[in-house]
Amino acid sequence: LLLAVLGTVAIYSAGFAYADFRYDDPLYFAKRQTLWLIIGIFVMALSSLISLETIKKYSLPAFLVSLVLLLLTLVIGFVGNGAQRWIAIGPLTIQPSEITKLTLIIILARYFDKFQSKACNILDKKATFIYGTLIPFAIILIPILLVMLQKHLSCIIILGLIGLSTIFLSGTNTKYIRYFCIAAVIAVACLALFTDYTKERIMVWRDPEGYKLTGGWQTLQGLMAI
């Protein structure tokens, strides 16, 4: 709550002049932020009343819905800032990859709840590898491949870290996790170095002065602020 309040103050501080010029109301952005915070707190309170059994029951449908939304994004999603990551539903705009971050945690939790004995069996290395590492990583890979088609490298990394953390917390053999981590780092590095949209990001990072009015604008403003 403290961070949310500080964030609202920061939004007001950064945007009051523009809000006054554009909307004739210096509090425009702060009001919108406050409204969504109130709605968010209300939803959080309702969510806290949902039992774990109910979450478990609907974990698979929720995960499948999030995958369908990722697929729909590739078909009917609109392009913004050179990437196709959003779906418009009336006046609302949603980013399915954000929903997937939550459903991935829930589906992995359900999976390990069901296969805990096999995934964490220190006496059976084969079962531990298959149930504790191979299948969970396959589950993580499905949304990651769909997000990769959206040209969203940062979300790929976040989904990977979310999945990795959940697998680690399950108590499975960390030796196998290390192998998959090495493979994941290599894959992300190759994606970053050999994909046009990520190569451009790296070039901007190395020389923001050369991209003043395009990708380097925020970097230069940040340096100026410091």
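Which side chains does a polar contact of 3.0 Å join? Keep that in mind as you start. The model on screen is predicted.

**Stop 1: Thr-103**

Select Thr-103, in helix H5. Its relative accessibility is 6%, so Thr-103 counts as buried. The side chains of Thr-103 and Ser-66 are the pair joined by the 3.0 Å polar contact. Next, show the backbone of Thr-100. The side chain of Thr-103 reaches the backbone oxygen of Thr-100 at 3.2 Å. Leaving aside residues up to four places away in sequence, Thr-103 touches Ala-62, Phe-63 and Ser-66.

**Stop 2: helix H4**

Select residues 59–76. This is helix H4, with 18 residues. From first C-alpha to last, helix H4 reaches 25 Å, close to the 26 Å expected at 1.5 Å a residue. Which residues of H4 are buried? Color Ser-59, Phe-63, Ser-66, Leu-67, Leu-69, Leu-70 and Thr-73. Then look down the axis of H4. The buried residues fall within an arc of 155°, so they line one face of the helix. Turn to the face pointing away from that buried side. There you find the exposed residues Val-75 and Ile-76.

**Stop 3: salt bridges**

How many salt bridges does the structure hold? There are 4.

- Select Lys-56 and Asp-113. Their side chains meet in a salt bridge, 2.8 Å from N to O. Lys-56 lies in helix H3 (residues 52–57) and Asp-113 in helix H5 (residues 96–119), so this pair ties together parts that are 57 residues apart in sequence. Lys-56 is partly exposed, at 34% relative accessible area. Asp-113 is partly exposed too, at 48%.
- Stay in helix H5 and select Lys-101 and Glu-98. They form a salt bridge, with the closest N and O atoms 2.9 Å apart. Why are they about one helical turn apart? Because Lys-101 and Glu-98 are 3 residues apart in helix H5. Lys-101 counts as buried, at 15% relative accessibility. Glu-98 counts as partly exposed, at 39%.
- Move on to Lys-212 and Glu-209. Their side chains meet in a salt bridge of 3.5 Å, N to O. Lys-212 has 44% relative accessibility, so it counts as partly exposed.

**Stop 4: the cysteines**

How many disulfides does the count come to? The answer is 0. Select Cys-181 to see the spacing. Cys-181 is in no disulfide, and its nearest cysteine sulfur, that of Cys-190, is 16 Å away. Now select Cys-190. Cys-190 is likewise in no disulfide, with the sulfur of Cys-181 as its nearest cysteine sulfur, 16 Å away. A disulfide needs the two sulfur atoms within 2.5 Å. Are these cysteines buried or partly exposed? Cys-181 counts as partly exposed, at 26% relative accessibility. Cys-190 counts as partly exposed, at 38%.

**Stop 5: Ile-41**

Finish in helix H2, residues 28–47, and select Ile-41. Ile-41 is partly exposed, with a relative accessible area of 40%. Ile-41 and Leu-1 are 40 residues apart along the chain. Draw a line between their C-alpha atoms. The separation is 9.1 Å.

Definitions and conventions:
Residues are numbered from 1 along each chain as its sequence is written. This is a predicted model: local features need pLDDT of at least 70, side-chain atom pairs count only at pLDDT 80 or more; totals for chains, interfaces and linings use all residues. Side-chain values use heavy atoms; hydrogens and water are left out. Helices (H or I, at least four residues) and strands (E, at least two) are DSSP runs, numbered from the N terminus. Buried means under 20% relative accessible area, exposed over 50%, partly exposed in between (1.4 Å probe, protein chains only). The expected span of a helix is 1.5 Å times one less than its number of residues. The arc is that of the directions from the helix axis to the C-beta atoms. A polar contact is a pair of N or O atoms within 3.5 Å; within protein, one must be able to donate a hydrogen and the other to accept it, and residues adjacent in sequence count only if both atoms are side-chain atoms. Contact means heavy atoms within 4.5 Å.
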